[in-house]
Amino acid sequence: MDKCPSITRKRKGDKMEAFQHIRGNEDVKAYFTKVIKKNKLSHSYIFEGPYGVGKNTFALALAKYILCEAKEGNKPCNSCKSCYMTHAGTHPDLISIEKDTKVTKIETIRNNMVKEMDIKPYQSDYKVVIVKAADTITIEGQNAMLKTIEEPPSYGIIILVCENASRMLPTIKSRCIMVRFNPLTKKQLDTYLIDEPISESKREVLKKLSEGSIGKVKDILKDESFFELRDQAVNYLQRLDKADLIGVYDLVKEITEQKEEIEKILEHWLLWYRDIAIIKAVGIGDLYYSDYQQQLLDIAYKLTYNKVSQNIDCIIKALADMRQNIYSTFVIENLLLRLKERKK
Ligand SMILES: [Zn+2]
């Protein structure tokens, strides 16, 4: 069995509490620390918040504490069998439900939540079910779990994790305690990024692009070509600006040859023109392309606000067309010609 990293890091006299290792959301941590102290855990929770801000990590930390066989005050011991198993994802009393495809089907809810909750815990005093992406459960699925949430067994704890609880039935919501997770502040992200071997300018860009989501930071850092493609996307626009008609068609060819990347390039362009719109409207603000500030200022000077907003509309339309599988050469050709049109 892999060694639990939190165990190897444990020091004598370490005062780490159950949620100390989780970044941000101090109010949520304080709330659960209090609830745990008073031994007043509820049977059903909804953890709601944007992508990548720590909802699932927190749910797992809470489950680890609940299932720990040798709790040390407010924190799990990190060394009992239960702690090992929770860490390894093999605890029989911890059920984690992922969405099936775009939705979570009624069968998944019936088999992995409703039926499981009827069976007593195998080795712990509790049984914890974490439903990820709970806002993708079909209406039938939500109705199927209603009774379990209304009358949970004494050992049952259900955590419904979602980005948007408004997609869930009011009957479900009214029976759960709603816990709201928020994006991390820039300062918290700074602390998180301190050990990342990246330049100061990239750090700033990452903070802006991630909008306080550690999940997004991780996604971007995992994508080795992210910053390269971003630079390339800007380079395409600079070349487009100077290109004659033949040059435009060369660009169309070059861009459409990068089949997998076309949508990403358009997304980079969208943020580029969004920055120019911000500069036109309010001056230099919180920019996605803070590392290209001078270039943005030069373009903002040349283009009218109408032309910038027209360009944004054209890119949004091109993205929608691409997602509807319209022939990409046609979409990009059309878009580049529109972007190239004289200012209005
Ligand atoms: Zn333990």
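Here are a few questions and answers about this predicted model.

Residues are numbered from 1 along each chain as its sequence is written. Local features need pLDDT of at least 70 and side-chain atom pairs pLDDT 80 or more, while totals for chains, interfaces and linings use all residues, and side-chain values use heavy atoms, without hydrogens and water.

Reader: How many helices and strands does the chain have?
Author: Happy to start there. Helices (H or I, at least four residues) and strands (E, at least two) are DSSP runs, numbered from the N terminus. For the chain, this gives 16 helices and 5 strands.

Reader: Are the axes of H13 and H15 roughly parallel or roughly antiparallel?
Author: Axes are lines fitted to C-alpha atoms, for helices over the stretch in contact, with angles from 0 to 180 degrees between N-to-C directions. Those of H13 (residues 262–282) and H15 (residues 305–323) come within 9 Å and cross at roughly 160°. Angles under 35 degrees count as roughly parallel, over 145 as roughly antiparallel, 65 to 115 as roughly perpendicular and the rest as oblique. The crossing angle therefore makes H13, relative to H15, roughly antiparallel.

Reader: Which residues of helix H4 are buried, and why do they line one face?
Author: Good one! Buried means under 20% relative accessible area, exposed over 50%, partly exposed in between (1.4 Å probe, protein chains only). Within H4 (residues 81–88), the buried residues are Ser82, Cys83, Met85 and Thr86. Seen down the axis of H4, they fall within an arc (of the directions from the helix axis to the C-beta atoms) of 165°, so they line one face of the helix.
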